[in-house]
Amino acid sequence: MAGEQLRVLIVEDAEDDALLIARELRRGGYDPVLTRVDTEAAMRAALGECGAIDMIISDYTLPRFSGPAALEVFKDCRCDLPFIIVSGTIGEETAVKLLKAGAHDFILKSNLARLVPAADRELREVEVRRARRHAEACLRESEERYALAAQGANDGLWDWDLRAGSVYYSPRWKAMLGYAEDEIGDGIDEWFSRVHEDDRPVVESRLQAHLSGSTAHFESEHRMRNKRDEILWMLTRGLAVRDADRQPYRVAGSQTDITERKRAEERLRFQALHDALTGLPNRTLFMERLQSALEGGEVGECRFAVMLVDLDRYKIITDSFGHSVGDALVLAVARMLQARIGPRDTVARLGGDEFAVLVEGMTSADAAVVFAESFQAALTGPLPIDGHDVFTTASIGIVMGPERYSTPEEMLRDADTANQRAKAQRKGHCQVFDTAMHTFAVNQLRLETDLRRAVERDELALFYQPLVNLASGEIDGFEALLRWRHPERGLMSPSEFIPVAEDTGLIVPLGSWALREACRQLSAWQAQFPALRPKVSVNLSAVQFAQPDLADVVLQALASAHLEARYLKLEITESVLMASSAAAMKMLDRLQNEQIKFLMDDFGTGYSSLSYLHRFPLDVLKIDASFVQKMDKEAKHDEIVQAIVALANSLNMEIVAEGMETLGTLARLRELKVGFGQGYLFSRPLEAEAAGRLLASRRHW
């Protein structure tokens with residue numbers, strides 16, 4: 001389903017970087033329409049009509065332009081649009097200067113995962129600003145209408161004779177408050193006694209300031225009670241008449257009913273600070289209240305809790321039942337949260353399915369967890385929404401305050417970090433923030449930055465583990481395994497950095513590099529050992545498998561290495577197949593038609609479903625090492641391996657046994673007629689040079 005169209009003016013000289021940004025926006029649910037410029041003139045032309053652009057994303061350094069210069073052009077054009085800097089070289093000090101100069105956010109190219117949340121936030125802020133300007137324009141128009149009406153109407157008039165102590169109130173003045181002509185006398189108390197008790201001191205003070213000569217005229221907006229004890233808003237103006245000694249002896253003025261204007265202002269004020277769907281406070285109001293809570297506490301103590309609540313499966317629900325059901329679900333959850341808080345607490349909707357809760361008087365993390373779990377328990381049953389039984393859970397991140405916090409932004413950041421940790425653990429979980437989480441997040445950010453530079457610095461390497469033909473005992477080929485020689489952490493295995501690469505999208509260029517390098521190395525070995533003709537297998541991640549151009553990337557790698565496709569095997573896991581689209585399956589067919597074989601890695605640890613083995617045209621099953629290593633220790637694992645072998649034979653699939661470590665296992669697998677084996681019994685993963693020497697040795701097992 002196509003996402004929301006987003007018209008992006010991108011100030012960038014590199015087409016590849018622009019495409020990376022577009023891909024990240026698509027991953028976040030947008031349908032980006034890019035207009036790329038790299039000069040001042042082109043940018044000014046593109047901004048000729050501000051309404052044709054929704055967002056500006058600018059690199060910092062360009063050959064003929066720059067991010068700061070683009071920011072100045074943006075400000076000259078006076079377009080109210082999000083302006084986000086995306087750069088791989090920007091430092092913290094430079095970023096702060098750009099934000100002060102008018103940029104709305106900055107994203108490191110090493111952390112493009114922040115782009116979509118930043119875009120979401122800034123697009124919402126633009127809408128808020130536009131709505132506020134529209135509301136202010138409407139308010140000004142309303143005030144002008146009131147001014148014209150006052151001139152054309154007979155506003156209430158009053159005239160106070162200070163020497164006699166009597167006040168003249170016009171019939172219109174009395175009628176405004178619902179009184180007949182003879183129901184109000186001529187004392188000043190007839191006025192002041194009807195002014196709202198909270199406003200009376202201010203009215204008297206302003207009137208006295210004018211009478212003493214401190215102000216040029218008297219003006220006051222205040223509440224008054226009418227005959228039916230209803231509250232009305234009045235605008236009262238007056239001017240004193242003074243004698244030769246500048247002493248006032250008379251004050252006269254008018255009274256205008258501004259109740260409707262005040263109600264309109266209140267509505268606008270409410271709309272500016274509340275969510276339109278739920279009526280809950282929005283992010284702006286929540287941050288104001290959180291700031292007040294921080295200012296009221298001592299550093300180091302726990303006096304309140306902030307909870308960030310995210311609904312699980314919200315996108316699946318809206319995709320399945322529609323946005324009206326999604327909105328109804330958000331409303332239901334909002335009411336459930338409101339029902340659980342006290343009068344001094346706050347529930348806010350930050351957007352989408354995200355809520356923030358400020359609970360006062362929460363003095364321990366245990367109490368906060370009890371509160372969070374009680375809400376999660378209320379979500380366990382089905383929610384009847386528009387004729388559907390909707391099931392959802394909530395992930396909750398908790399931060400205790402004020403402790404060391406000085407700004408609400410810091411607290412919400414850490415609540416979000418705890419929320420992400422809760423999501424990572426399991427659905428419907430809550431997590432209290434601790435400083436180790438922040439340290440982990442910072443380390444992950446540094447790892448992302450280092451990983452982006454790893455290719456440029458030639459820090460990545462492929463290690464090769466042999467696959468042995470168990471019938472002949474000869475090496476049939478190698479599995480290429482990615483390693484990272486980190487300058488500080490040393491040699492890192494894929495489990496340490498591949499998850500980061502997948503989260504940030506870096507797995508795509510890393511995977512392409514690994515594919516090209518493996519093909520290049522295999523081609524070199526085949527030239528060196530023409531009689532052996534070894535093969536190579538390369539792992540594909542779920543992110544790579546979902547790329548629409550994967551087939552082209554693979555075929556280009558083969559062509560560049562002058563390598564025949566039949567010598568390349570691609571390894572994927574069960575979960576990758578289960579999540580694949582129809583387009584991905586067509587891509588798989590295309591590559592198999594080129595004689596590239598596909599291996600299912602770690603078979604037996606995931607779904608292991610016969611239905612998809614029939615549906616997907618795979619060539620090889622790799623039996624997971626966890627079964628192979630225990631074959632000679634536990635009978636059930638031997639039986640599992642036997643069952644997998646029988647299954648593969650029935651489907652005419654080749655078999656590779658991973659994790660072979662003992663001669664006993666080798667003998668048993670040969671007895672079962674397993675085709676190929678891989679493991680420390682033969683060799684650990686080796687650097688290319690060592691793998692070449694092993695190949696040259698013509699070793700048999």
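Biologist: Buried means under 20% relative accessible area, exposed over 50%, and partly exposed in between. On that scale, is Glu448 buried or exposed?

Modeller: Glu448 counts as buried, because its relative accessibility is 12%, and the cut-off for buried is under 20%. Please keep in mind that this is a predicted model.

Biologist: Where is the place of Glu448?

Modeller: Glu448 sits in helix α15, which spans residues 435-454.

Biologist: How far apart are the C-alpha atoms of Glu448 and Leu112?

Modeller: Their C-alpha atoms are separated by 9.9 Å, while the two residues are 336 residues apart along the chain.

Biologist: Which helices supply at least two residues each to the lining of the second largest pocket?

Modeller: Helix α15 is one of them, and α1 (15-27), α17 (507-528) and α19 (550-561) also contribute at least two residues each.

Biologist: What classes of residue make up the lining of the second largest pocket?

Modeller: The lining has 19 nonpolar residues, together with 11 polar and 11 charged ones.

Biologist: Which residues line the largest cavity?

Modeller: Its lining consists of Leu467, Asp476, Gly477, Phe478, Lys535, Val536, Ser537 and Lys569. Strands β19 (475-486) and β21 (535-539) each supply at least two of the lining residues. By class, 3 are nonpolar, 2 are polar and 3 are charged.

Biologist: Let us turn to α1 again. Which strands does the chain join through α1?

Modeller: Strand β1 (residues 4-11) and strand β2 (residues 30-37) run parallel and are joined by 8 bridges. The chain crosses from β1 through α1 to β2, and this β-α-β crossover is right-handed. Within the pair, Val8 has Leu34 in β2 as its bridge partner.

Biologist: Which other elements make a right-handed β-α-β unit?

Modeller: Strand β25, helix α25 (residues 663-671) and strand β26 make a right-handed β-α-β unit. Strands β25 and β26 (residues 676-677) run parallel and are joined by 2 bridges.

Biologist: With which strand does β25 pair over 4 bridges?

Modeller: Strand β25 (residues 654-657) pairs with β24 (residues 620-623) in the parallel sense over 4 bridges. Ala657 of β25 is the bridge partner of Ile623, and Ala657 also stands opposite Gly677 in β26.

Biologist: What is the phi of Lys673?

Modeller: Lys673 has a positive phi of about 65° although it is not a glycine. Most residues other than glycine have a negative phi. Lys673 lies in the loop between α25 and β26, and it is exposed, with a relative accessible area of 69%.

Biologist: Where does Asp386 lie, and what is its phi near?

Modeller: Asp386 is in the loop between β14 (383-385) and β15 (388-390). Its phi is near 50°, again positive in a residue other than glycine. Asp386 is exposed, at 53% relative accessible area.

Biologist: One last topic, cysteines. How many disulfides does the count come to?

Modeller: The count comes to 0 disulfides.

Biologist: Is Cys519 buried or exposed?

Modeller: Cys519 counts as buried, at 0% relative accessibility, whereas Cys77 counts as partly exposed, at 23%.

Notes: Residues numbered from 1 in each chain as written. Predicted model: local features only at pLDDT ≥ 70, side-chain atom pairs only at ≥ 80, totals over all residues. Heavy atoms only, no water. Nonpolar A, V, L, I, M, F, W, Y, C, P; charged D, E, K, R; others polar. Disulfide = S-S within 2.5 Å. Buried < 20%, exposed > 50% of the residue type's maximum accessible area, 1.4 Å probe, protein only. Pairing = 2+ DSSP bridges. Right-handed = clockwise from strand over helix to strand, strands pointing away. 1 Å grid on protein atoms, 1.4 Å probe; cavity = no way out; pocket = protein on both sides within 12 Å on 5 of 7 lines; lining within 4 Å.
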